[in-house]
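My notes are below, in the order I took them.

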Amino acid sequence: MKLGDLEINPSKIICVGTNYMDHIEETKLEIPKEPVLFPKTLNCLITENQPIIYPKMLYENPKMNRVDYEVELAFIISKTCKNVKVQNAYENILGYTVFNDITARKMQIKDIFSKLPWFRSKSFDTFGPIGPRIVGVDEIKDPHDLNLELRVNGEVKQKSNTKYLLFKIPELIEYITRFFTLVPGDIVATGTPSGIGPIKPGDLIDATIEKIGTLSNKVILEGENENN
Amino acid sequence: MKIIKIGNTEINPTKIICLGRNYLDHIQETNAPIPKEPVFFAKTMNTLITNNNPIIYPKVLYDDEEKRSVDHEVELAFVISKTCKNVKAQNAEEYIQGYTIFLDMTARSMQKTDRKINLPWYRSKNFDTFGPIGPKIIPPEEIGDPHDLTIELSVNGSIKQSSNTKHLIFRIPEIIDYISKYVTLEKGDIVATGTPGGISPILPGDVIEASIEKIGAIRHEVILEDIINK
């Protein structure tokens, strides 16, 4: 897939949950002792200006009908790596981009409550907008001092700064690569700040991170205007 | 994306979807509730290895006695033949390229701890080499009925899992119907249908052999991760 001028060929998307203190407080989750990881599958990925498809099965079921935005700073892996140490972490990063971890919230809460996997609620088609471009590590000296913001129809809903990340990027790479090999193109999303809320068909979602840019996606109901 | 060769067939999977809790005897042995709809989760591509390659026992698990618990789970898997979404059960077979054996290796005590505190089923399922697959992909016409195959796994020659795919709770057409309501399946994607009872821990030095009738057998030695040589 092409993000700005760069083509990447990811084999996986790893997301970090509960990684901003303000988001942890609003969801009443416990402060994690180590990073909480979950995958999204590649069918989630869309880029700038492609529509987020609101699944009909959620829209038509009042018990499930809630889909949330989650703006996140993501980084892209530049080389195959395993057991990376914190001090060498940045050598393995190609650059940074904006990721929107779209989540079927009621379904997620129901599944968590039933001790089921966090999969279906996170991995509907188009539930992972990414872009608009990848900014190289050389251009972003400190990824832990970037303003991030998400707007729905122009109204600011999430506003924070990556300095509030609980687990910082080098720690995340060290932790993840203790478990898994990362390969070039793999995407790691670092978690979302507070202010999560619902989207609905017709909404325009703008996710902005300082020095990277704005990722814009319109929400459409599944089966309607899919060719736009 | 990663091209892997299973027997003579090259596939290029974009995802691996696994069913949990799909054999009654396995549900009972893990004290899990019987699901009303299929329970599914993802494994990532770093887990895939083919026949005769070693399963690497992670040092991070081996060195911690509470986490030193990795289980085998033999499963019938199928490979998707073309892109599909919202497939109806009666058309499901059109989207199957063939069948193979999959081992859903699982760090059991880590999975239990994570579930207890409402964390995702991810890290316990996705260590490198935790998804052996093979030895070949057998097309549907050679299998006939995929819900009548004996399935077996042995460790060091002693049989641990022995069942038949007729005991699957959710059958393959229902599985495709259900999963493709959520996610688009792509050519090469792997779906593993769940494991029967008899799961047990493995250790470095063990040899695992898994077989499914009409498909064949895979064999994997378990070795301890050697971090120094990385």
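**Entry 1: confidence**

The predictor gives the complex an ipTM of 0.90 and a pTM of 0.94. I then looked up chain B. Its mean pLDDT is 94, and 98% of its residues reach 70 or more. I keep one caution in mind: where pLDDT is low, predicted coordinates should not be read in detail.

**Entry 2: strand β8 of chain A**

I asked how many of the residues of β8(A) are buried. I found seven of seven, over residues 71–77, so the rest of the structure largely encloses this strand. The cut-off I used for buried is under 20% relative accessible area.

Next I checked which way the side chains point. In a regular strand the side chains alternate between the two faces of the sheet. In β8(A), V71(A), L73(A), F75(A) and I77(A) point one way. E72(A), A74(A) and I76(A) point the other way. Both sets are buried, and I note that E72(A) is among the buried residues.

Which strands pair with β8(A)? I found β9(A), residues 93–100, joined to β8(A) by seven bridges in the antiparallel sense. I also found β14(A), residues 187–189, antiparallel to β8(A) over three bridges. I wrote down one residue pair for each. L73(A) has V98(A) as its bridge partner in β9(A). A74(A) has A189(A) as its bridge partner in β14(A).

**Entry 3: D101(A)**

I followed the chain to the loop between β9 and β10 of chain A, where D101(A) lies. Is D101(A) buried or exposed? Its relative accessible area is 0%, so D101(A) counts as buried. I then looked for a side-chain partner. The side chains of D101(A) and K122(A) make a polar contact of 2.8 Å.

**Entry 4: the open sheet**

I traced a three-stranded open sheet in chain A, in the order β10-β7-β15. The pairing is antiparallel. Which strands are at the edges? They are β10(A), residues 103–104, and β15(A), residues 198–199, and each pairs on one side only. Two bridges join β7(A), residues 67–68, to β15(A). V67(A) has I199(A) as its bridge partner in β15(A).

**Entry 5: the largest pocket**

I looked up the volume of the largest pocket and got about 510 Å³. Its lining has 22 residues. Nearest its centre lie P32(A), K33(A), V36(A), I117(B) and L119(B). Two elements give two or more residues to this lining: β4(A), residues 36–40, and α3(B), residues 108–116. The largest share, three residues, comes from α3(B). I sorted the lining by class and found 13 nonpolar, three polar and six charged residues.

**Entry 6: the second largest pocket**

This pocket has a volume of about 440 Å³. I count 24 lining residues, with T27(A), L29(A), R105(A), Q108(A) and I112(A) nearest the centre. The elements giving two or more residues are β3 (13–17), α1 (21–27) and α3 (105–113) of chain A. Which element gives the largest share of this lining? It is α3(A), with five residues. By class, the second largest pocket has eight nonpolar, eight polar and eight charged lining residues.

Notes:
Residues numbered from 1 in each chain as written. Chains lettered and ligands numbered in written order. Predicted model: local features only at pLDDT ≥ 70, side-chain atom pairs only at ≥ 80, totals over all residues. Heavy atoms only, no water. Pairing = 2+ DSSP bridges. Helix = DSSP H or I, 4+ residues; strand = E, 2+ residues; numbered from the N terminus. pLDDT = per-residue confidence, 0-100. 1 Å grid on protein atoms, 1.4 Å probe; cavity = no way out; pocket = protein on both sides within 12 Å on 5 of 7 lines; lining within 4 Å. Points joined across faces, edges and corners; volume = space filled by probe spheres on them. Nonpolar A, V, L, I, M, F, W, Y, C, P; charged D, E, K, R; others polar. Buried < 20%, exposed > 50% of the residue type's maximum accessible area, 1.4 Å probe, protein only. Polar contact = N/O pair within 3.5 Å; in protein donor to acceptor, adjacent residues only side chain to side chain.
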